[in-house]
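Trainee: I would like to go through this structure with you and learn what stands behind each term. Could we look at it together?

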Amino acid sequence: MGAFHPDSEFMQALSRVADYVILNVLCVIFSLPIITAGAAMTAKYYVSMKIVRGEEPAVWQAFWKSFRENFKQATGIWIPALAILLVLAWDWNAVVNGGSQSMPSAGKILLMIMTLMVGMVTYAVFPFLARFQMTTVEALKGAMVFCFLHLPKMLLILLVIALPYVLALWYFEWALGLWFFITTVALYYISRMFVKEFKKIEQEEQLS
């Protein structure tokens, strides 16, 4: 069997890469109204985790299905989270533009902790919605506990998410290529991590 045969490992891997690229593009497009970003992220992880589990869904159909079914709940989480993130961004703007004396060191540390926690929980809650049928309160609690138990991984995820945009400031001419490459690789590994940890949760629920 040649490398370019449709059933070859090479072509299957190439197909998965294309699926992740399409998912990231769909997520960006469906997030453009801003208020729909929560549903878009939920749909992205709904499909990406299916791919990791070897279920090979039809990307567009599965994305649209999750987007529609989770829109109300995901948007109900995303809008308050976005409001909190904007307030935190306003505070950071005041710190940066107000000089080093605008806030005591303890306040800056607290602001950093709050920003990281809100960012991690906001990011983690949408894979929970994508994988489990649960109430909003249950999803938020699950995301909080998950972030606490996997703090280093979640901090790394936030770093990886920000990386293509930071690099674009220095390598603007390569910005699009960097975005496609980093977001595709990141989506694959982040989805693998969530699938692995969610499997443990499911196994514990079966034993209880």
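Trainee: Leaving aside neighbours within four places in sequence, which residues is cysteine 27 in contact with?

Mentor: Cysteine 27 is in contact with Ala40, Met41, Lys44 and Phe63, where contact means heavy atoms within 4.5 Å. Before we go on, note that this is a predicted model, where local features need pLDDT of at least 70, side-chain atom pairs count only at pLDDT 80 or more, and totals for chains, interfaces and linings use all residues. Residues are numbered from 1 along each chain as its sequence is written, and side-chain values use heavy atoms, with hydrogens and water left out.

Trainee: Why is cysteine 27 called buried?

Mentor: The relative accessible area of cysteine 27 is 6%. Buried means under 20%, exposed over 50%, and partly exposed in between, with a 1.4 Å probe and protein chains only. Cysteine 27 therefore counts as buried. Its place is in helix H1; helices are DSSP runs of H or I with at least four residues, strands are runs of E with at least two, and both are numbered from the N terminus.

Trainee: And what makes threonine 75 buried?

Mentor: Threonine 75 has 9% relative accessibility, so it counts as buried. It is found in helix H3 and touches Ile35, Ala39, Asn70 and Pro80, if residues up to four places away in sequence are not counted.

Trainee: What makes a set of residues a nonpolar core?

Mentor: The members must be buried Ala, Val, Leu, Ile, Met, Phe, Trp, Tyr or Cys residues joined through side-chain atoms within 4.5 Å. Here the largest nonpolar core has 46 residues, and Leu23, Val47, Phe126, Met154 and Phe194 touch the most other members. Helices H1 (9–31), H2 (37–52), H3 (59–98), H4 (105–131), H5 (136–149), H6 (151–170) and H7 (175–207) each supply at least two of its residues. H2 gives the most, with 10 residues. As a general point, nonpolar side chains in soluble globular proteins tend to be buried together.

Trainee: Which residues does phenylalanine 126 contact, leaving aside its neighbours within four places in sequence?

Mentor: Phenylalanine 126 is in contact with Gly38, Met41, Thr42, Ala74, Ile77 and Trp78.

Trainee: How do you know that the span of H2 is close to the one expected?

Mentor: The expected span of a helix is 1.5 Å times one less than its number of residues. H2 has 16 residues and reaches 22 Å from its first C-alpha to its last, close to the expected 22 Å. H2 is also mostly covered, as 15 of its 16 residues are buried. Just after H2, glycine 54 takes a positive phi of about 80°.

Trainee: How far apart in helix H3 are glutamate 69 and lysine 65?

Mentor: They are 4 residues apart, so about one helical turn separates them. Glutamate 69 and lysine 65 form a salt bridge, with the closest N and O atoms 3.2 Å apart. Glutamate 69 is exposed at 52%, whereas lysine 65 is partly exposed at 33%.

Trainee: Which salt bridge links distant parts of the chain?

Mentor: Lysine 153 and glutamate 197 meet in a salt bridge at 3.4 Å, N to O. Lysine 153 is in helix H6 and glutamate 197 is in helix H7, 44 residues apart. Lysine 153 is partly exposed at 37%, whereas glutamate 197 is buried at 6%. Elsewhere, salt bridges that share partners join Lys50, Arg53 and Glu55 into one network.

Trainee: Finally, why is isoleucine 113 called partly exposed?

Mentor: Isoleucine 113 has 46% relative accessibility, so it counts as partly exposed. This residue is found in helix H4.

Methods
Salt bridge = Lys/Arg side-chain N within 4 Å of Asp/Glu carboxyl O.
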